[in-house]
Amino acid sequence: MLYTKNTLPDNTRLASIAVLQQSLVNAIDLAAQTKQAHWTVSGPNFIALHELFDQLHTDADGFSDLLAERISMLGGQPQGTIQSVEHQSQLEAYPTDIRDQAQHIEHLSTAFAKFSDVLRSAISEASGFGDEVTADIFTEVTRGADKALWFIEAHAHKN
Ligand SMILES: [Fe+2]
């Protein structure tokens, strides 16, 4: 870890960095999945979903930036390469052979739900370490991811 005048204890910073790193790779994976969906979706709601998935990519990129920069603030080294993501992501691999909008909605909603689920545990863990600022960042990211999940699932409701 790099030296910093941040007064959080070293063991707290180390613990937070590890939890941040997990959601960082998940966020990068999530961003790639939204682009895969943006490029390949087809169906009657093409334009709405094509545009929504691009917005979700922007959102997921923002999540990874918040998480990675918090790691740097704590004196850590974010691991954000494709190779790190491949080894550490907890998301299911996104299917590359689908086009149907219902299938994209199913797979992307699963990915966002898993991403949020991991974050909710991370909020409690960071609070437990005594790092309330990291917990707040996890809360902010979860708020965005839950909203994204709502937007995706709203396309699947039949009413
Ligand atoms: Fe595009």
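Tutor: What follows begins with the basis of the model, goes on to the chain and then takes the salt bridges one by one.

This is a predicted model, in which local features need pLDDT of at least 70 and side-chain atom pairs count only at pLDDT 80 or more, while totals for chains, interfaces and linings use all residues. Residues are numbered from 1 along each chain as its sequence is written, and side-chain values use heavy atoms, with hydrogens and water left out.

The chain has five helices and zero strands, where helices (H or I, at least four residues) and strands (E, at least two) are DSSP runs numbered from the N terminus. Buried residues make up 44% of its 159 residues; buried means under 20% relative accessible area, exposed over 50%, and partly exposed in between, with a 1.4 Å probe and protein chains only. The chain carries 10 positive and 21 negative side chains, and the centres of the two sets lie 3 Å apart; Lys and Arg count as positive and Asp and Glu as negative, whereas His and the chain ends are not counted, and each charge is placed at NZ of Lys, CZ of Arg, CG of Asp or CD of Glu.

A search of the whole structure finds four salt bridges, each being a side-chain nitrogen of Lys or Arg within 4 Å of a carboxyl oxygen of Asp or Glu. One of them joins Asp10 to Arg13, with the closest N and O atoms 2.8 Å apart. Because these two residues are three apart in helix α1 (residues 10–40), about one helical turn separates them. Asp10 is partly exposed at 49% relative accessibility, whereas Arg13 is buried at 5%.

Another salt bridge pairs Arg70 with Asp131, at 3.0 Å from N to O. Arg70 belongs to helix α2 (residues 46–73) and Asp131 to the loop between α4 and α5 (132–154), so this pair ties together parts that are 61 residues apart in sequence. Both partners are buried, Arg70 with a relative accessible area of 5% and Asp131 with one of 1%.

The side chains of Asp146 and Arg120 also meet in a salt bridge, at 3.5 Å from N to O. Since Asp146 lies in helix α5 and Arg120 in helix α4, the pair ties together parts that are 26 residues apart in sequence. Here Asp146 is partly exposed at 33% relative accessibility, and Arg120 is likewise partly exposed, at 41%.
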